[in-house]
Amino acid sequence: MACENCHKNKTKQRSEAEYKALINRLNRIEGQIRGIKGMLEKDAYCTDILVQVSAVNAALNSFNKELLANHIKTCVAEDIRNGKDETIDDLVATLQKLMR
């Protein structure tokens, strides 16, 4: 999908496939979070909960990787092709935030 004006209006039109893939990942993560809440409510053992929290963190990292890859392949690539080099600075700033 084209990213015309992505940075100007801070929106992005995603393909149906990209949208569905990201929503499916978030739905699974949401289910995992509900599972952790249920474990806590049922007095599950601490380490069992911690293992599930670690799984959620891994799922969120995977979501970020997919979203970032799509962003680079579409918005960033298009901006660079159009001579908008400031997009590189935006990408670097985003990566720095993700690596905290």
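Q: Is Glu18 buried or exposed in this predicted model?
A: The model is a predicted one, in which local features need pLDDT of at least 70 and side-chain atom pairs count only at pLDDT 80 or more, whereas totals for chains, interfaces and linings use all residues. Residues are numbered from 1 along each chain as its sequence is written, and side-chain values use heavy atoms, with hydrogens and water left out. With a 1.4 Å probe and protein chains only, a residue is buried under 20% relative accessible area, exposed over 50% and partly exposed in between. Because its relative accessibility is 12%, Glu18 counts as buried.

Q: Which residue forms a salt bridge with Glu18 at 3.3 Å between the closest N and O atoms?
A: A salt bridge requires a side-chain nitrogen of Lys or Arg within 4 Å of a carboxyl oxygen of Asp or Glu. At 3.3 Å between the closest N and O atoms, the residue bridged to Glu18 is Lys12.

Q: How is Arg14 classed by its relative accessible area?
A: The side chain of Arg14 meets that of Glu18 in a salt bridge, at 3.6 Å from N to O. Its relative accessible area is 36%, and therefore Arg14 is classed as partly exposed.

Q: Why are Glu16 and Lys20 separated by about one helical turn, and in which helix?
A: The side chains of Glu16 and Lys20 meet in a salt bridge, with 3.9 Å from N to O. Glu16 is exposed, having a relative accessible area of 52%, while Lys20, at 47% relative accessibility, counts as partly exposed. Helices are DSSP runs of H or I with at least four residues, numbered from the N terminus. The separation is about one turn because the two residues lie four residues apart in residues 16-41, which is helix α2.

Q: How far apart are the end C-alpha atoms of helix α3?
A: The expected span of a helix is 1.5 Å times one less than its number of residues. Helix α3 has 36 residues (46-81), so it should span 52 Å, and this agrees with the end C-alpha separation of 51 Å.

Q: Which residue's side chain makes a polar contact with the side chain of Thr87?
A: Thr87 is placed in helix α4, residues 86-98, and counts as buried because its relative accessibility is 2%. A polar contact is a pair of N or O atoms within 3.5 Å, where within protein one must be able to donate a hydrogen and the other to accept it, and residues adjacent in sequence count only if both atoms are side-chain atoms. At 2.8 Å, the side chain in contact with that of Thr87 belongs to Asp79.
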